[in-house]
Amino acid sequence: LGDFYFLNIKTWVWKRLFILESPPARHHHTMCDIGNAYKEKLVFGGVTLPDNSYLNDVWLINYSNVTFGSALSEIPGTVCTPKKTKGDIPIARKAHGAIVAGKSMLVYGGKTLKDEDEEDVNWIHQLTFENWTWKKISGIARPKTSRAFFSYCPFEDNKLMIFGGIDNLSGKCLNDTYILDLDDYHWSCPFIAGNVPGSRYNHGSCSYKTPFGDWEVVILGGLESQYCQMDIFRLTEADAENTQNAKWEKLEEPNSSETLARDVASATILDQKNYMSELEHIISKERSYKLELDADIKKMEEDMNRAKGEHNTKVKALTEECKALDEEYNMNYEVTKNLFSMIANEQLIDNELIKRASLLENTIQKTESYLISLDKLFIAITKNKLDDNEGNEKKLKYLSDSHKDDIHKSRDLHKASLQTLKGIYESYADLTKKVETDIGMQRNTILDIDPNYKEILIQNEDEDD
């Protein structure tokens with residue numbers, strides 16, 4: 001057959017896997033779990049029916065997309081892929097053993113189509129998953145003859161135990177035990193004591209580790225040369241410090257007292273299991289509550305971190321705004337300082353203009369009085385109204401006649417000078433008004449920038465006064 005089934009060990013229900021392309025139908029093959037996160041298995045070898053063709057092909061079975069809890073009778077999702085291998089490809093075989101060790105698969109033993117190929121199956125063949133390359137390993141102190149239909153299972157740390165099978169050359173059933181160390185591929189045949197199982201093949205075996213840390217192996221059933229066996233044997237370590245010593249024990253049907261003791265123990269164990277189940281239920285509820293608390297704490301931490309981030313963003317924005325205000329304040333301070341300097345200079349110029357205008361006004365007044373006196377004198381002379389003696393009168397008359405034109409010119413010049421001085425005075429007056437207007441505008445500008453500058457302005461004016 002070439003179909004795939006899986007058994008749900010919780011419900012004990014078999015389900016068939018729906019596969020579009022599956023490996024050719026075969027029997028006496030091996031299927032190993034790779035043990036990675038992709039849920040993959042490897043199928044190797046076997047023999048087909050009815051043509052009895054021996055196989056050495058490798059198929060990768062991926063079931064990562066299978067929904068095992070599905071209610072369908074055939075569950076899809078499994079993909080089978082043939083792998084192209086290279087290297088020391090093993091001869092086609094059946095009834096061999098295969099186990100995954102690390103990142104490779106180890107194949108040992110089996111039955112080939114031709115007897116002359118039996119020597120090859122006594123070697124270990126290693127398939128590396130990284131490059132899908134086979135490597136042939138001789139091993140140290142390997143069994144003398146090859147075998148098939150034996151049982152195999154992990155034993156202790158990184159070791160493999162095989163038991164029984166059929167000698168490929170003689171066809172004799174075997175009951176010997178071999179242990180293969182997977183670190184150095186060294187074979188050993190430990191000393192076996194106790195009730196050793198009889199020779200058999202096509203039997204089953206499994207290994208487990210006890211709560212005390214010891215390894216044990218159990219075998220069940222199998223075929224002898226003439227009949228089928230269903231007895232159960234257990235292999236235990238005789239000496240925990242020396243794993244090369246082991247002891248076989250046949251598991252018998254218990255008597256009435258043993259049955260009673262077993263029932264009492266089972267009832268006690270059941271009660272303890274129920275009690276443990278209740279404890280587990282309570283622990284589960286506490287764990288759920290703790291998970292909820294952890295989720296709430298995580299959410300609160302996230303909210304706090306988010307609020308902290310928002311607060312830091314606002315603080316950063318306010319810091320930048322304060323920095324900008326400080327820069328604007330410093331700039332306004334420099335502008336205000338320059339304005340103060342300009343106001344002070346303009347006040348000095350204003351005061352200087354006022355002083356000069358006052359001097360000019362006094363000069364104009366004096367000049368005007370001089371001109372009036374001169375005009376009176378000139379009029380008196382021209383009308384001969386002087387009371388001096390005749391000689392002086394003649395001299396004055398002579399001077400008046402000789403400098404008449406000069407006097408008129410001088411008077412005209414003085415009048416022109418007076419007009420010029422009057423224009424200059426008026427210009428100074430207009431300039432003074434303009435300076436006072438500019439000073440007022442600058443004061444208003446400063447007050448618009450900061451009303452607190454008013455006290456500074458008043459203080460400066462008091463100092464100027």
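In the predicted model, 2 cavities of 30 Å³ or more are found, and the largest cavity has a volume of about 90 Å³. This largest cavity is lined by 13 residues, among which Gly 97, Leu 106, Val 107, Tyr 108 and Leu 160 lie closest to its centre. Strands β9 (97-101), β10 (104-108) and β15 (159-167) are the elements that each give two or more residues to this lining. The lining of the largest cavity is made up of 12 nonpolar residues and 1 polar residue, with no charged residues.

The largest pocket holds about 350 Å³ of space, and 19 residues line it, with Asp 3, Phe 4, Tyr 5, Met 31 and Ile 61 nearest its centre. Two or more residues of that lining come from each of β1 (4-8) and β4 (40-47), and β1, with 3 residues, gives the most. By class, the lining of the largest pocket comprises 12 nonpolar, 4 polar and 3 charged residues. The second largest pocket contains about 220 Å³ of space, and its lining consists of Met 31, Cys 32, Asp 33, Ala 98, Ile 99, Val 100, Tyr 152, Cys 153 and Pro 154. The elements that supply two or more of these residues are β3 (30-33), β9 and β14 (151-154). Of the residues that line the second largest pocket, 8 are nonpolar and 1 is charged, while no polar residue is present.

Leu 220 belongs to strand β20, which spans residues 215-220, and Leu 220 counts as partly exposed because its relative accessibility is 39%. Trp 215 is also placed in strand β20, but Trp 215 is classed as buried because its relative accessible area is 16%, under the 20% limit. The C-alpha atom of Trp 215 is separated by 8.6 Å from that of Leu 235, a residue 20 positions away along the chain.

Side chains of opposite charge can pair when their charged atoms come close. The model contains 15 salt bridges by the rule applied. One of these joins the side chains of Glu 119 and Arg 142, with an N to O distance of 3.2 Å; this pair links distant parts of the chain, since Glu 119 is in helix α1 (residues 118-121) and Arg 142 is in the loop between β12 (133-137) and β13 (147-148), 23 residues apart. Both partners are partly exposed, Glu 119 at 46% relative accessibility and Arg 142 at 23%. A salt bridge is also formed between Asp 120 and Lys 136, whose closest N and O atoms are 3.0 Å apart, and this pair again connects distant parts of the chain, with Asp 120 in helix α1 and Lys 136 in strand β12, 16 residues apart. Here Asp 120 is buried at 13% relative accessibility, whereas Lys 136 is partly exposed, with a relative accessible area of 34%.

Within helix α2 (residues 256-382), Lys 290 and Asp 294 lie 4 residues apart, about one turn of the helix, and their side chains meet in a salt bridge of 3.0 Å, N to O. Lys 290 is partly exposed at a relative accessible area of 49%, and Asp 294 is partly exposed at 33%.

Technical notes:
Residues are numbered from 1 along each chain as its sequence is written. This is a predicted model: local features need pLDDT of at least 70, side-chain atom pairs count only at pLDDT 80 or more; totals for chains, interfaces and linings use all residues. Side-chain values use heavy atoms; hydrogens and water are left out. Buried means under 20% relative accessible area, exposed over 50%, partly exposed in between (1.4 Å probe, protein chains only). On a 1 Å grid over the protein atoms alone, a cavity is a set of points where a 1.4 Å probe fits but cannot get out, and a pocket is an open set with protein on both sides within 12 Å along at least five of seven lines; lining residues have an atom within 4 Å of a point. Grid points are joined across faces, edges and corners, and a volume is the space filled by probe spheres set on the points. Ala, Val, Leu, Ile, Met, Phe, Trp, Tyr, Cys and Pro count as nonpolar, Asp, Glu, Lys and Arg as charged, and the others, Gly among them, as polar. A salt bridge is a side-chain nitrogen of Lys or Arg within 4 Å of a carboxyl oxygen of Asp or Glu.
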